[in-house]
Amino acid sequence: MSINAESRTGIRSTAAFAIQTMTQSHNFRKPKRFTSDSLQKYSPRGLLLYFLPIALLPAIVIALAKGNLTAILINATAYTLYLFSAWCLRKGLQAEARHQQRPMAPPTKYPLKLLAAIITALATGMLAWLGARQTLPVAAAYAGGAFLGMFLSYGFDPKAKSTQGAQGYSGEELGKALAESHAMIRRIEQAGSKIRNHEFNNRIERICEIADNIIAQIEADPRDFRRARKFLNVYLDGAMQVTEGYAKTHSQLQLGQLEPAQLEQSFRNVLETIETSFLEQQQKLLEDDIFDLDVKIEVLTAQLKREGIL
């Protein structure tokens, strides 16, 4: 009985350890914003356009059986255009969702939803004219109906949100600078996702969350931008460079080609400094206090140079 009890205890301990190990290995980088991005990415909105052109597949097969090259080209081209339109629409919807989350945002980089509507209209008009042998005015009507349907279903790409200028900065300059800051934060996240170290993952996630909060404060009160601009430039750029640099060498660390303890400690020190400084900057923005901000920036810059980052 004693042996059996000890065996069961050992089995339970081994199982618990295995579960804990598996949990840690799957939790290296799962920040909340990644979950939000996944929800946007896998949202069902816009998927219908992928399924609608499936009706063209039997027509392509029949044309192949009959050896009708013209019909094959028309239907295959329309099918490809519809799929490309669906891809553009999905990307446009995702960009729109990210745009709506920010109170101050430039227009989306590419008018993907408008492009999707135009491609859908062209494919529909081509099918009506060349495939169904309709007259050109009728085919144009079909194309116009498809374009209108896309607009009523999904709308067009969002425009730039109005931005209030800050001291010495126009609204356009402010929006561009904040967009660049958002892009740097996303690059930090992407680099952090390649590092399989739970401690570093958590710290990088906190840094990105604090940086997002600081930018949100600036978007809510653009007057804070003048005081935070230099800080964001130095600290965000430093955090991005050190995280991307460490991510590139992380695989070599695992292979034992470098000295892991020394490099990991250097990375840990820089992350600790950046996180502490971001927290202090966030508090200073709330308190309207920037007395020693330049001093702290100089201290971080010197540390980044010592670590070979700048």
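From the N terminus on, the order reads α-α-α-α-α-α-α-α-α-α-α-α.

Some ground rules. This is a predicted model: local features need pLDDT of at least 70, side-chain atom pairs count only at pLDDT 80 or more, and totals for chains, interfaces and linings use all residues. Residues are numbered from 1 along each chain as its sequence is written, and side-chain values use heavy atoms, with hydrogens and water left out.

Now the whole chain. Of its 310 residues, 39% count as buried. Buried means under 20% relative accessible area, exposed means over 50%, and partly exposed lies in between, using a 1.4 Å probe and protein chains only. Next, contacts, meaning heavy atoms within 4.5 Å. Take those between residues at least 6 apart in sequence: 79% of them join residues at least 24 apart.

On to the cores. A nonpolar core is a set of buried Ala, Val, Leu, Ile, Met, Phe, Trp, Tyr and Cys residues joined through side-chain atoms within 4.5 Å. The largest one has 33 residues. Leu236, Phe267, Ile274 and Phe278 have the most contacts inside it. Which helices each supply at least two residues of this core? They are H8 (171-192), H9 (198-220), H10 and H11 (260-287). H10 gives the most, with 10 residues. Apart from this core lies another, of 9 residues, with Leu89, Leu93, Ala117 and Tyr154 among them.

Stay with H10, residues 225-254, for a moment. Glycine 245 sits in that helix. Glycine 245 is partly exposed, at 32% relative accessible area. From glycine 245 to alanine 191 is 54 residues in sequence, but 8.5 Å in space, C-alpha to C-alpha.

Last, a helix pair. The axes of H6 (residues 112-131) and H7 (residues 136-154) come within 8 Å and cross at roughly 150°. Axes are lines fitted to C-alpha atoms, for helices over the stretch in contact, with angles from 0 to 180 degrees between N-to-C directions. So H6 is roughly antiparallel to H7; the cut-off for that word is over 145 degrees. The contact includes Ala117, Thr124 and Trp129 of H6, and Tyr142, Phe147 and Tyr154 of H7. Its residues divide into 15 nonpolar, 3 polar and 1 charged. Here Ala, Val, Leu, Ile, Met, Phe, Trp, Tyr, Cys and Pro count as nonpolar, Asp, Glu, Lys and Arg as charged, and the others, Gly among them, as polar.

Methods. Helices (H or I, at least four residues) and strands (E, at least two) are DSSP runs, numbered from the N terminus. Angles under 35 degrees count as roughly parallel, over 145 as roughly antiparallel, 65 to 115 as roughly perpendicular and the rest as oblique.
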